[in-house]
Amino acid sequence: MNHLSSETFKENARAALADVQLRGALKNATSLFGERRRQAAAGLPNWEDLRSQARAIKDEVLLHLDRYLEEFVANAESRGAKVHWARDAAEANSIICGLATERAARIVVKSKSMTTEETHLNNALEAAGMQVVETDLGEYIIQLANEPPSHIIAPAIHKTRRQIGELFTAELGMAPTDDVDQMTSTARMKLRDRFAAADVGISGVNFAIAETGTIVIVENEGNIRLTTSLPRLHIAVMGIEKVIPRFSDLDVFLKLLPRSGTGQRLTTYQSFITGTKRAPQDEGPDELHIVLLDNGRSRMLAHPVTRQSLACIRCGACLNACPVYQQVGGHAYGSVYPGPIGAVITPQLMGIAKAAQLPYASSLCGACREVCPVKIDIPQLLLHLRGEISPRKGSAAERLAFKIWARVMTSPSLYKLSSVAGRILQRVMPISRAWTSGRDLRPIESKSFHELWSNE
Amino acid sequence: MNNSARESILGSIRTHLAASPPVDNYPVNPANPVILSKTDPVNQFKESVEAVSGHCIITTNATNVLDQILADLNAKRIAYSDNPPNAHDIFHFDVGVSTAQAAIAETGTLVLDSSCERHRLVSLVPPVHIAIVNASAIVETLDDALALLQQKEISSAITFITGPSRTADIELTLAIGVHGPQELYVIVDGSK
């Protein structure tokens, strides 16, 4: 069930619902992450203040994004980094392939980056003749299986340990086992060999600090530290929305991100990288290149509702909270960004025509808004996008129906008549099959409230 | 080419922002500082390290404790951050020993600064990492540590370490020591 399309969400979702194993895995993952997030948030008495503060910082950045980007670039470059601007995915991939090819690179190690998933960088690097190795354990698993990620922070959440064991036996020659420690150590050995040989390390970026030109990357495994330390060339790829103004702003974001993502107080490692190494004998790459990707992001600035999409810090909390994601999982969305945030970002990035079903993949229950660490009003965004999808005026039949509805509702006698008519009509004709195919429509009571009241 | 991409993206940002109606800004409530219930950062640090599966020893004789741990581990090949191996030989050591320039009590975090700790991979690649930190270098909160880092020109690489390397990518089952160490020992030098 790999590489599905956003255009066929309904079919994808139906297939996912029939997959018993997938639904079991999703139930475990989303409830565990959800509970850990709840406990972690409860452990900070000023959680709500932190959320408001984080959102205010993001709003401040987004309203002056040009200025903060220029400040970030100037500071990063003054400390030895080289910054590249990419208008779209093709331009980003061509810059990165160019950098690698110019240095005769053959082996590329990557740490987890949603932005390079978005640009399909691996395909471009492979087409340029390079071996690309994903080094985050979850990403490594799905790379071996040739599948896209199904969760923002747990990419292989849809696979069982047995499936992963079989995959490692087939692809890596591991002795058959479903012991997690054994599998982890097999991956460690295989990947160490690739780290030692790699010419280029490619990472994502969690936060880019305008004030100092620093990039901050968070993780648990240690593969980001290896990716950004061992190869001679480090390329960091970030969306233009990742910039924050001040170093001290990290306090708020480093409290919110790990607690919202995995329920940790801090992830195991945070790397703060500011330019290149200062003395030649120091550890670290000789060159740092930072690629700033637009790819449709600047368009989202044009409206306060869509602009919120750019506040996202990719924690994955809205996925775990969403009753739709909990049932259908990540692949059904046909996008590297699944779940509620994926349903609003994907149509904006890919073009609304290519993902027109996604804004409807929600019951608008608001659970995503409740857990979002930067208070993105995702239901408001979903409605906004639905408004762009549906033609402003409905069909002639729909307009007529609402005209009649308005007439009936504003006249007591017609209203009384309609409740009697409704009781009869409901029995003799099916009402709105689209509505009733997935749920029951309760029968209208045999006596209306008015009738009961006058009988009293 | 690159200049035109830069101008084009900045231009697009400015055009779209100019087209945007004014917004209701979220009120900025200064986040209330969390009052720590404990007033002893050294013991709180030890508790926090242990909560993330690390070992923590508070001592006034760090050298003795280090020697004892190395002897208990029967470590033969030891990499020191101030006398490091070549980057690619780093894969062949039993233990890495580093210092830390600061530590955070509320999270059990070590702060390694590249201006002092030039070879931070000794804290990552060998299966065991032993870190020595002065008791006086332990600050209470993340905020305190960030403020400390800003007191001078920021170093090219700063690494925060909280516990041994971990993953839960297979069925959310915790596995310790995926790309980094399986064991983390922190020696708090109470004499400094």
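Two strands count as paired when DSSP finds at least two bridges between them, and strands here are DSSP runs of E with at least two residues, just as helices are runs of H or I with at least four, all numbered from the N terminus. With that in hand, four parallel bridges join β4(A) to strand β7 (residues 233-239) of chain A. Please keep in mind that this is a predicted model, in which local features need pLDDT of at least 70 and side-chain atom pairs count only at pLDDT 80 or more, while totals for chains, interfaces and linings use all residues. Residues are numbered from 1 along each chain as its sequence is written, and chains are lettered from A and ligands numbered from 1 in the order in which they are written.

- A residue is called buried if 20 or more other C-beta atoms lie within 10 Å of its own, exposed if 12 or fewer, and partly exposed in between, with C-beta atoms placed from the backbone.
- A:Val200 is buried because 26 other C-beta atoms lie within 10 Å.
- Beyond its neighbours within four places in sequence, A:Val200 is in contact with A:Ala100, A:Ala105, A:Val108, A:Pro231, A:Leu233 and A:Ile235; contact means that C-beta atoms, placed from the backbone, lie within 7 Å.
- From C-alpha to C-alpha, A:Val200 and A:Leu233 are 5.0 Å apart, although 33 residues separate them in sequence.

**The largest nonpolar core**

- A nonpolar core is a set of buried Ala, Val, Leu, Ile, Met, Phe, Trp, Tyr and Cys residues joined through C-beta atoms within 7 Å.
- The largest one has 175 residues, and A:Val108, A:Phe253, A:Val291, A:Cys318 and B:Val186 touch the most other members.
- This core draws at least three residues from each of domain 1 (1-43 + 311-390) and domain 2 (44-295) of chain A, with bounds from an automatic or database domain assignment.
- Not counting residues up to four places away in sequence, A:Phe253 touches A:Ala54, A:Phe207, A:Ile244 and A:Ile313.

**Where chains A and B meet**

- In the interface, 79 residues of chain A are in contact with 60 residues of chain B.
- Strand β9 (residues 269-274) of chain A pairs with strand β8 (residues 157-161) of chain B in the antiparallel sense, over five bridges.
- Within that pairing, A:Ile273 has B:Ala157 as its bridge partner.

**Chain B**

- Chain B has four helices and eleven strands, and 47% of its 192 residues count as buried.
- Five of its strands form an open, parallel sheet in the order β1-β11-β6-β3-β2.
- β1 (55-59) and β2 (78-80) of chain B stand at the edges with a single partner strand each, so one side of each has no neighbour in the sheet.
- Strand β3 (residues 95-99) of chain B is joined to strand β6 (residues 128-134) of chain B by five parallel bridges, and B:Val95 stands opposite B:Val128.

Methods: Contact = placed C-beta atoms within 7 Å.
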